[in-house]
Every structure is written in C-alpha cells, then in structure tokens.
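Let us walk through this structure together, with the viewer open beside the text. We will start with how helices cross and then move on to domains and rings.

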Amino acid sequence: MARKMLIDGELEKHSEEETRYDFDLFVIGAGSGGVRASRFSAQYGAKVGICELPFHPISTEVIGGVGGTCVIRGCVPKKILVYGATFGSELEDARSYGWELNEKIDFNWKKLLHKKTEEIVRLNGIYKRLLSNAGVKLFEGEGKVVGPNEVEVIQLDGTKISYSAKHILIATGSRAQRPSIPGQELAITSDEALSLEELPKRAVILGGGYIAVEFASIWRGMGATVDLCFRKELPLRGFDDEMRAVVARTLEGRGITMHPGTTLTELVKTEDGIKVRTNHGEELLADVVLFATGRAPNTKRLNLEAVGVELDKTGAVKVDEYSRTNLPSIWAIGDVTNRMNLTPVALMEGTCFAKTVFGGQPSKPDYSNVPCAVFCIPPLSVVGLSEEQAIEQANGDVLAFTSTFNPMKNTISGRQEKTVMKLVVDGETDKVLGASMCGPDAAEIMQGIAVALKCGATKAQFDSTVSGPTFQSLCSSLCFSAFISFFTCL
Amino acid sequence: CVLRGCVPKKLLVYASKYSHEFEESCGFGWKYAAEPEHDWSTLIANKNAEIQRLTGIYKSTLKNAGVELIEGRGKIVDPHTVDVDGKLYSAKNILISVGGRPFIPDIPGSEYVVDSDAALDLPSKPKKIAIVGGGYIAVEFAGIFNGLQSDVHVFIRQKKVLRGFDEEIRDFVGEQMLLRGIEIHTEQSPQAIIKSSDGSLSLKTNKGTIDGFSHIMFATGRKPNTKNLGLESVGVKLKENGAIEVDEYSQTSVPSIWAVGDVTDRINLTPVALMEGGALAKTLFANKPTKPEYRAVPSAVFSQPPIGQVGLTEEQAIKEYGDVDVYTANFRPLKATLSGLPDRIFMKLIACAKTDKVLGLHICGEDSPEIIQGFAVAVKAGLTKADFDATVGIHPTAAEELVTMRTPTRKLRRTPSEGKTDSEFKAAAGV
C-alpha cells in the first residue's frame, strides 16, 4: 500500500534511510488518557501525533471532540448540573436560617444549559492548547489501526491519510449503551441528558449505577418527578452494601421514587408523553426516559481484529500491566481497556505509559485504594475495600466503625437527612482497609483520607489525629460498633 | 464552644453564606423575583434553640456517665477542697477547665463596645459595624456580618489579617475578603469610641476617626478565666497573662490540681481540649500516663472563604528545616467559572527537601476545612510528597489538586555564608 507522508502540505519522497517513522507515538483519541499520554510522552522527547473526532456535545461513532467524555459529556458537565441542582435544596434550607425567599424560585434550565456548553467549549479549547503547547500534532478525523506501526486517519472531507508510528496508543474511550427494549429509540442516554433542550417534568431512569443515580438527583433537584428503576434490590452494585442502603434512603428522602428489582419491558409514545411499562406490569408516564445501563468500549471501527489486537468479550482492548496489547507496538489506556473507568485512573495509566515507553522507567499503574465519588445529592465517596470485600480478603477479624449523625447545618434547617461515615479496619493489623462517606462534601473530605489509606494508615493513626470543627471530626472518634453506632455529640 | 463559640459561630456562618450562594446560583439558572432579605431575629431564635438543645445533650452525657453536676461558682479552698456557692466538696484530684473570655482594652468609650459573646446575641442586625481585631474571631465575624448584608469595616494593627498564619494565606484571604465587599483598615490602633447624640458610634484610631457605626465590636483576644478561683492562695502558678502553668501531663504546680483547655492557653481549640481531657483521664484513672501531642494539629478559620491548615507555615518550615520545596496552586474552581464570581482557591504544600515529608498544608477557598481533615491524618503520620502523588485524585473535586501538584513553585535552599553566623537563603525559581 502506498504511504503518503504529508509534512507541511508537501509530499515527500520515501526516505532511503533506515525505517523512520512519521511519529514516535500516534495516539487515537484525545480524551483524558490520550491527552495525558501525548503530553508526557512529548515532554520525554517523543514526536507525537494524535487524532480525534470532530467536537459535539453528543457523541456518535464519528463524533467526539478533544477533551473526551470527561470534559465534554461526563465528569465536568455532570458536576455543573449537580451544582445547579443542589442549589434547589440549599435555597429551601436558607429559610430556617432567616432568609425570606419567594415560595417558588424560578429555575431557568436553558440558561444553565447555555453556560454549561460555554464551559465545555472553553475546556475543549484549553485541551487543544495543551496539546499544541506540548508540541503534539493534532489531526481531526477518525483513526483506524492499519498495521502494527501504521494508523490511518479519515479526515472530515473523506480523504484518508496514513501515518507510521513506532508506537500506537489506543485511547478511544467508551460510549453509552442502549438495551434492546421495544421502543428504545424513544429513550436517551447520558449524552443527550446533558444537553436536553427542555427540562423534563417527569423522568424515568433505567439503571442502578452511578450515572443513573446522579441524573436522578440532578433532575429531582431541579424539580422534576423522578422514577429510578434498577434490577437489584439496591442501587450502586459493587459498593459497600451498608452505604448502598444509605444512598437509597437518601434518594428516597429527597423524593425520588425507587423501583428496586425492576426492568423496563416496553416504551410507547403517547400524546401524554412516553408510556413506560415495567416487568411488574406497572405503567409510568415520562417526558424523558434515560437509559443508564452501562457503557461499552469504543473498539468497533478501529480495525483491531484485522490487525490482530486481542479484545475481551466486552469489546475492551486486552492489555498487560504496562498497558501493552498483544502486539508489542500497540498500547491502550483509559475506558477502552475497561479497567477502572475514572479520569484520574486514565491519567495515571497515561503517565505510566509515557514513563514506560519514553521515560525509560517501566511503570505499572497501581489500582489499589483508588478513591472515587458518586455525585448524587448528597454525594457518596469511597476508598479502599467495602466491608464485604474486606471480610472476603482478610485473614482474621474485620471491624466496621460507623457514625450516623445529623449534620450541624440540618439542625437548624430541620432537614431529616443523616450523614454516614464508615471505616473498615483489619482486626489484626489495625490497618484501615476502607473508608466511605455519604453526606455533603463527601468527595472533598475523602481525598485526604485516601492518602492516609493508600499508605497503610492504622485506625490508631486516624484516632491520634486531632479533629477540626467539621463533619470530619467525627471520623477520628468513631465509636466501636459491629453494626451502627450513634454519635450524639453535635 | 457550644454556647458562644464554635457552634453558634458555624451556624451564623452557614446563615451568612447563603447570600453568596444566591449570587452563585444565578449563574446556574436560578432566578429570584426579589432580592432575598434576611431576618436576623429568626436566625438568632433558631440558633438559641439549637444551643439549648445541645446544652441538654451535654447534661445528659454527663448524667449517663454517672458524673454529678453541681450548678454554681466553683472556687479552690485547698489542694483537695472546692467551694461551690458556699458548699464544700473534697476531692482527690481537682481539674480546672474554666476556659477563657473575650478581652477588651480599657479605652475611653469601651462600654459601647460589643464582644463576640454579645455579637452572637445582638437584638438587631448591625447596619454598619466596625470590627477591631485581625485574628480568626474578627475575620469570621466580618464574613458573617458581611454575608448578612451589613456594611463591614475591619480595623487591624498589622498590615494583614491573621498574624501567625502562612503569609500567602494571609494575602489571599485578605484579597478575597476585599472582593466580597469588606473594608479592611490596616495599621490602625483603636484609641477611643465616641457615641453621638443620634446613637451612632465613632471609632477613633491613631489614623483618624470614622463615624456612623451602628455597632463596634472588639475581637482583640481572649484571656484565661483565672480571677477569683483561689488559685494564688493555694499556690497554683500562673503565667503573666493569667493562664495556669501546667506540665506535659497537665499537672499544675500543686500535685493534686490539674488544668486543661483554654485556661492553660496552649492550643485553644475544642478538639485539643478534648485531647487534653482524654489524656488526663488516662493518666489519672487508666494507669496510662499520657501526654497530649501537639504536633500537626489541624485547624480552620471560618472566614469567607474559609481556611484549613495543618502543620508548619512556610516561614516556620524554613526556620526548622532549612531546605524546603513549596508547591502552590491558585485557581478558579469549576463553580466560579459558571457563577462568574471572582472566587478562587489557594493551596500550598510544603515539603522537606531532604526527606520529602510534607511539613505543612494550607488551603483557602470553599470547603477548605472539610478538605484538610483527611490530609491532617496523612501529615500527622509523616507521609511524604511522593505518598501524596501516588494517591489517585477524586474527580472532579478541588481536593484533588493536592495530589496533583507536580512542579515546585519555589525551592528554598539555605546556603551557609562564610564568616557570618546567619544563614542566607537562595530561592531558586521554580523548575
């Protein structure tokens, strides 16, 4: 196949020297992982090229944007909407603190949507500048792997250009999946949910994971009626069971109607909205139905099978501990490898990749004690093992310390919502194996705890830390209890 | 803490923060038909109900522990005898934990001044208030009254607020306070308060007189409550400011008499008093002599925006460790990019260049106090910058900044110069 080397618009003859690649590294996908890997590799002296699909808030197989899911249709816009929604309950609580507000305060969804879009466009521009400042060459178009050292980019006008690269990094991320339920075309996924023209008055959400739970909180906070349908008895499968129950209670307390053990069997368009039928025979009416039933790696159009790159049965690229595929010159990081689908983990994988391949320091990403947060309202944040995991993995006894209390702010507002904090401790070594919290500011609070946990801090070390006048003060003085304890101070 | 300190202060801070939240919410689509107004009496009534409830809880806690509570004024008669309103009680050990009280300098017109106790219970909200003082109490009340829409003027003797805090934090919080509309009058010492015929107050300082205040508050320090306790006659040694002198076990100069908390003027924070009390109980009754540990005690200032800190300031770190690496971040949080408000967050991490241990953390911005607590465990445990960096961030948060600081802003190295006894510093520009 003829290779065309396009450099500064001029065609150059194929060099007679030893094999010279166009790039030391070519990255497919300019999301969290791809951008990090590109920049850091370039900093180590590598000549880096990266391609990304054209920008739009709603992704398709051929539409994406620099910044990736996190910046354009994930973490960032999500958090913006959570902020927007949280104000709702804040304003309610303000009254007990003496503020005189109207009965109903107007919420202009279109204004928030507009500002959200402004922000993601701004960030998209910043990510482009980050790449150019690092000397990384950005190509707009769809990338495919053509050979162990060759990538083909289909430009917007349809022309295909090939680039040779010593190393190829696949960082194409993942996309929301739609279950094949009759009428599924009437439903939306998170992409659309983040860019809806109108705020739904009635929302039905199918899913029990963090995306489902976060949108339930967002729409409820903005005044919508929300029905959350999930297959298990509790949402957030995989998290600590006790904390899952806390989240379920909190969501219910906020007015979200929970439907455990429920799937949707049919969606039908009616004059009154979308009629949704559940497996219990129940019928719900909605303006919006959100499918938040999982995301799948973006590997279908990459031509990987033809090249011989192994995928697992979910379609994720199989990699070793260094993020290398079965082909020595092809690597993969981020959601496309379906390890831990979090931006900071993709960043870690990208950093390790750059160090390994160009920094001369083989580095394996460390997946132990990675903290994360679910931004329902109020949020859940966790690090380390759940109680169930600890019991499974520990040799001896496992101690669970929990503290359930009404946060100070609620004492005046009268909001009946408890904050729960939990530490899971190894009975033999006193090491804190896991920590979790459901309550306001949980994510901000958990970060520092994650540092201590990562380094093997013991419960005694937690206890010896003097506390401050915050929620957190209770963590250092949790009362021992096998199940639940009640801390009555403040 | 419960009646006229930490708790009511925090409730008032919550109340006053809402005005900023109303502003923020506009950027997120919320719209108010009219500008929200605040009713001070509702707040104070609810605040008082809450502290009454807590008093009840504290009484129950004592009762449930089998402690006999005697209401009255206690006074020491001899090393084993306490007098409470005329009745005598003998004790093997006596613990003095009477705390401290606001101090107001004796200047002309000081009778018109309110202290923090009174400020928490004013009959009406100040229209225009002068707050004299630059410490945490002054700064917190400035934020409270400003948030509740009073016209706030702070008068400080120094050039910046919060003497003793990290210098960059002092600069940052001062700037943010100005941006919120608080006026800070620097290098001014109060000389007199004058009440005019219309009832308004004027504050005379070394720089001039400002009129028109509805209230003048002095937050000029707190002194230990040791007057009239019979201490001098029983032989308990006091420091110059009236604080009770104690050893590492909180024992006074009289072996059967002990003291903890603000009355000993060590670190005047509730959790430290709790630590001192807990350690004393262990020492006296669990047969486990325990010294309270004062290293890496975290604390917060509930200014707006608030401050969270643990460990050494940059100035202290340089003095104690010599070679330090300083990492800073100064950024606009996500919320502010939408609200359009000039809110920012400042973070500083100080690491020992030799051992990589994190010596101090200082943050100023929304949620700083909540963020600092977990990190305080790490700092107390002696963790290193490398440990911080190995921890994956929680996204999106402000806190994740503290585990993603890659490049030192400055590397400070002590270069000993020949022939001189003092060391010189060479600050290398950040690499």
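A crossing of two helices is called right-handed if the near helix is turned clockwise from the far one by less than a right angle, and left-handed if the turn is anticlockwise. Keep that in mind as you look at this predicted model.

Start in chain A with helix H1, residues 32-43. The crossing of H1(A) and H9(A) is right-handed. Helix H9 of chain A covers residues 343-358, and the two helices pack with their axes 8 Å apart, at an angle of about 30°. Angles under 35 degrees count as roughly parallel, and H1(A) and H9(A) are therefore roughly parallel to each other.

H1(A) has another neighbour to look at, helix H4 of chain A, which spans residues 109-133. Here the axes lie 9 Å apart and the angle is about 25°. H1(A) and H4(A) are therefore also roughly parallel to each other. This time, however, H1(A) passes H4(A) in a left-handed crossing.

Now place these helices in the annotated domains. In chain A, an unreviewed UniProt entry puts the feature "domain: FAD/NAD(P)-binding" at residues 23-350. That span is 32% helix and 26% strand, and its end C-alpha atoms lie 17 Å apart. For chain B, UniProt (again an unreviewed entry) places the feature "domain: FAD/NAD(P)-binding" at residues 1-277. This stretch of chain B is 31% helix and 23% strand, with 15 Å between its end C-alpha atoms.

Further along chain B, UniProt lists "domain: Pyridine nucleotide-disulphide oxidoreductase dimerisation" at residues 297-405, also from an unreviewed entry. Over those residues the chain is 30% helix and 28% strand, and the end C-alpha atoms are 23 Å apart. While you are in this part of chain B, find B:Ala381, in the loop between helix H10 (368-380) and helix H11 (385-390). Is B:Ala381 partly exposed or buried? Its relative accessible area is 27%, so B:Ala381 is partly exposed. B:Ala381 and B:Val358 are 23 residues apart in sequence, and their C-alpha atoms are 9.8 Å apart in space.

Next, turn to the aromatic side chains. How many aromatic pairs does the structure hold over all chains? There are 22. One of them joins A:Phe23 and A:Phe26 edge-to-face, with 5.7 Å from centre to centre and 65° between the planes. A:Phe23 and A:Phe26 are both buried.

Another edge-to-face pair is made by A:Trp99 and B:Phe22, with centres 5.1 Å apart and 85° between the planes. This pair crosses between chains: A:Trp99 is in strand S5 (residues 99-100) of chain A, while B:Phe22 is in helix H1 (residues 6-26) of chain B. Both A:Trp99 and B:Phe22 are buried. These two rings belong to a cluster linked by ring pairs, made up of A:Tyr97, A:Trp99, B:Tyr14, B:Tyr18, B:Phe22 and B:Tyr32.

For a last stop, stay in chain B and look for a charge over a ring. The charged end of B:Lys223 sits over the ring of B:Phe103, 3.5 Å from its centre.

Terms used
Residues are numbered from 1 along each chain as its sequence is written. Chains are lettered from A and ligands numbered from 1 in the order in which they are written. This is a predicted model: local features need pLDDT of at least 70, side-chain atom pairs count only at pLDDT 80 or more; totals for chains, interfaces and linings use all residues. Side-chain values use heavy atoms; hydrogens and water are left out. UniProt positions are given in the numbering used here, feature names are shortened, and annotations may be inferred rather than shown by experiment. Helices (H or I, at least four residues) and strands (E, at least two) are DSSP runs, numbered from the N terminus. Rings of Phe, Tyr and Trp (its six-membered ring) pair if their centres lie within 6.5 Å; planes under 30 degrees apart count as stacked, over 60 as edge-to-face and the rest as tilted. Buried means under 20% relative accessible area, exposed over 50%, partly exposed in between (1.4 Å probe, protein chains only). A charge sits over a ring if NZ of Lys or CZ of Arg is within 6 Å of the ring centre and within 35 degrees of the ring normal. Axes are lines fitted to C-alpha atoms, for helices over the stretch in contact, and angles run from 0 to 180 degrees between N-to-C directions. Angles under 35 degrees count as roughly parallel, over 145 as roughly antiparallel, 65 to 115 as roughly perpendicular and the rest as oblique.
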